[in-house]
Amino acid sequence: MFQAVSSQRSSLVSDRTPERAALASRSSFTSRSALLPITAATLAAAIFVLDTLTDLEIAAAALYVAVILLSVRFCHRRGVLLVGGTCVALTIVSYLLTRSGSAYSGGINGVISLAAIAATTYLVLKIESAQAAIDETRAQLAHVSRVTTLGELTAAIAHEVNQPLTAVVASGNASLRWLAADPPDIEDANRAIERIVREATRASEIVGRIRDLAKRAPSATCWFDLAETISATMTLVQGQVKQHSIALRTAIETDLPLVRGDQVQLQQVILNLLVNAVEALADVGPGSRELRVSATQNGQGVVVTIADTGKGFGPDGERMFDAFTSTKPQGLGMGLAIARTLIEVHGGRIWTEANQPRGARVRFLLPLPAPTRGTGADHLEGGKQKNDR
Ligand SMILES: Nc1ncnc2c1ncn2[C@@H]1O[C@H](COP(=O)(O)OP(=O)(O)OP(=O)(O)O)[C@@H](O)[C@H]1O
Ligand SMILES: [Mg+2]
């Protein structure tokens, strides 16, 4: 059921970098656009007049930081930069126009004010990016938790769907009996068929509800750099890697082509595989824990391999892709099932192999739209490598 539901899931976000997410959430100007820019402009003008009319010793220009802080409420990144630049220009013009006071002290004050303006602009932009990244991550987490909820709900939903299906079968048999009777009982057969339609509609509504749950908006696929996605995802398990003293190696070909798909979904796949590898390594003795992530291109597409020196899959690798199959006390058994669904949604395939000398390898292939020349997935270790630490 999970596979059926997930394959309906539309392809998703992905071209939303944190910066772009920030821009999306706040277009150039918000609905309060009229009031806030006017207030900021008035404040800037007042500071300019104050700075120009007062002695050079008075560092009124430092007040421009208030204008920059205000600009965050209605500007995007470029707008904030523009406001910061304007404040710098106004400070310099004021300094040049002001006649009274010591030029020396005024110069020092001016430099301090300019530093305050630059530092505020920089910090504000930094905070903005971080906030956008948090928003993005939160949206992803909300989806992941919906997917998890979906897994937990599956049993209950299967039960709900089973009821109408049982009724459909019973009514179908009844209508066959009414029609086979001599003479056929058309009226009762009709009533049974009406029940079939009613119950089938109910089952379809239940399935529709699951589909809604799995949907995520906005949906978009894009071209993206898989190497960057792998690196970004690896940072998410960095803490656990350190905690378990795992030697992490990467071998990613330098000239991997861009892949087209849902970056967030593929990140979810890589994360599931990395978490599994780390969990497998946590179970073996320290000193022999090695995790190797590689990506290469072959004639069919891009192949990503996550290999560990853990306990390995044994003969059960393929079965572990079944939903709710886990050997872990707290495992839901959904990581690999979700990974397979998502890779298949992208037209790819995912499989396991034994790692040498020990452990597990999980590999997935993402097809490229046009055939490309390459080294072949089986020659993975021989590819040109971006980094091999
Ligand atoms: N790298 C690996 N090495 C050895 N066994 C693995 C590895 N990855 C997965 N497995 C086996 O496959 C099973 C299923 O993995 P899957 O990710 O689907 O579920 P899980 O990790 O048990 O739980 P969760 O749903 O929380 O991810 C695991 O319980 C484990 O036995
Ligand atoms: Mg898992």
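Biologist: Why does Glu194 count as partly exposed?
Modeller: Glu194 has a relative accessibility of 48%. The scale calls a residue buried under 20% relative accessible area, exposed over 50%, and partly exposed in between, using a 1.4 Å probe and protein chains only. Glu194, at 48%, therefore counts as partly exposed. This residue is in helix H7, residues 186-214, and its C-alpha is 9.9 Å from that of Val168, 26 residues away in sequence.

Biologist: What kind of model is this, and how are its residues numbered?
Modeller: It's a predicted model, where local features need pLDDT of at least 70, side-chain atom pairs count only at pLDDT 80 or more, and totals for chains, interfaces and linings use all residues. Residues are numbered from 1 along each chain as its sequence is written, chains are lettered from A and ligands numbered from 1 in the order in which they are written, and side-chain values use heavy atoms, with hydrogens and water left out.

Biologist: How many helices and strands does the protein chain have?
Modeller: There are 10 helices and seven strands in the protein chain. Both are DSSP runs numbered from the N terminus: helices are H or I with at least four residues, strands are E with at least two.

Biologist: And how much of the chain is buried?
Modeller: Of the 389 residues in the protein chain, 41% are buried.

Biologist: Why is Thr42 called partly exposed?
Modeller: Thr42 has a relative accessible area of 48%, so it is partly exposed. Thr42 lies in helix H3, residues 35-53. From there, its side chain reaches the backbone oxygen of Ile38 at 2.6 Å.

Biologist: What makes H3 roughly parallel to H5?
Modeller: The axes of H3 and H5 (residues 77-97) come within 8 Å and cross at roughly 25°. That angle makes H3 roughly parallel to H5, because angles under 35 degrees count as roughly parallel, over 145 as roughly antiparallel, 65 to 115 as roughly perpendicular and the rest as oblique. Axes here are lines fitted to C-alpha atoms, for helices over the stretch in contact, with angles from 0 to 180 degrees between N-to-C directions.

Biologist: Which residues make the contact between H3 and H5?
Modeller: H3 brings Ala44, Phe48, Asp51 and Thr52, while H5 brings Leu90, Thr91, Val93, Ser94 and Leu97. Contact means heavy atoms within 4.5 Å.

Biologist: Why is Asn355 called buried?
Modeller: With 10% relative accessibility, Asn355 falls on the buried side, so that's the label. Asn355 sits in the loop between strand E6 (349-354) and strand E7 (360-367). Leaving out residues up to four places away in sequence, Asn355 touches Ala307, Asp308, Thr309, Ala360 and Arg361. A polar atom of the Asn355 side chain also lies 3.2 Å from the backbone oxygen of Arg358.

Biologist: What makes Asn272 buried?
Modeller: Asn272 has 18% relative accessibility, so it counts as buried. Asn272 has its place in helix H9. Setting aside neighbours within four places in sequence, Asn272 is in contact with Gly335, Ile338 and Ala339.

Biologist: At what angle do H8 and H9 cross?
Modeller: The axes of H8 (residues 226-243) and H9 (residues 263-282) cross at roughly 30° and come within 9 Å. Among the residues making that contact are Thr229, Ile230 and Leu236 of H8, and Ile270, Leu271 and Leu274 of H9.

Notes: A polar contact is a pair of N or O atoms within 3.5 Å; within protein, one must be able to donate a hydrogen and the other to accept it, and residues adjacent in sequence count only if both atoms are side-chain atoms.
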